Amino acid sequence: AALLAAAGAAAAGAPGAAEAFVYNGKEYFDITFGINPFIWALAGGFIIFYGATLKNAALKYNKPYGTLTVKDPDPIIGKGKKFIGMEAEGLGGKKADNYK
């Protein structure tokens, strides 16, 4: 019973916690947080514009890499260079016999 009473008290205090207000006997809740709706629309337009700009920049400057996307792609380490494993390259002038 005490739990039910506490839940009822919490539900009764919810409009106060949500900062709802009463005007001419009717309860309202300000969904715009007191900010002009025109400013909200401007902010939404800015977010869409910024996202489109980022998408366009990513599509323009990120070049695909791989055997299925670019014909004869250059290796990441450079043209004409070969990968040298850790055991052959050595660490600090020493051979890396037990590097694992």
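Tutor: Accessible areas here come from the Shrake-Rupley method with a 1.4 Å probe. The model is predicted.

Student: What share of the accessible surface of the protein chain belongs to carbon and sulfur atoms?
Tutor: Start with the total. The accessible surface of the protein chain comes to about 9300 Å². Carbon and sulfur atoms hold a share of 66%.

Student: Which pattern does the protein chain follow along the sequence?
Tutor: Take the elements first. The protein chain has four helices and two strands. Read along the sequence, they give α-α-β-β-α-α.

Student: What percentage of the residues in the protein chain is buried?
Tutor: Buried means under 20% relative accessible area. The protein chain has 100 residues. The buried share of them is 4%.

Student: Is Phe-33 buried or exposed?
Tutor: Phe-33 lies in the loop between β2 (26-28) and α3 (37-61). The cut-off for exposed is over 50% relative accessible area. Phe-33 has 63% relative accessibility, so Phe-33 is exposed.

Student: How much accessible area does the nonpolar patch with Phe-33, Ile-35, Phe-38, Ile-39, Trp-40 and Leu-42 have together?
Tutor: These residues form a nonpolar patch on the surface, and Phe-33 is one of them. Together, their accessible area is about 650 Å².

Student: Is Tyr-61 buried or exposed?
Tutor: Tyr-61 sits in helix α3. Exposed means over 50% relative accessible area. Tyr-61 has a relative accessible area of 60%, so Tyr-61 is exposed.

Student: Which side chain does a polar contact of 3.5 Å join to that of Tyr-61?
Tutor: Look again at Tyr-61 in helix α3. The polar contact of 3.5 Å runs from the side chain of Tyr-61 to that of Lys-60.

Terms used: Residues are numbered from 1 along each chain as its sequence is written. This is a predicted model: local features need pLDDT of at least 70, side-chain atom pairs count only at pLDDT 80 or more; totals for chains, interfaces and linings use all residues. Side-chain values use heavy atoms; hydrogens and water are left out. Buried means under 20% relative accessible area, exposed over 50%, partly exposed in between (1.4 Å probe, protein chains only). Patches are made of residues with over 30% relative accessible area and no salt bridge: like charges are joined within 9 Å, nonpolar side chains (Val, Leu, Ile, Met, Phe, Trp, Tyr) within 5 Å. A salt bridge is a side-chain nitrogen of Lys or Arg within 4 Å of a carboxyl oxygen of Asp or Glu. A polar contact is a pair of N or O atoms within 3.5 Å; within protein, one must be able to donate a hydrogen and the other to accept it, and residues adjacent in sequence count only if both atoms are side-chain atoms.
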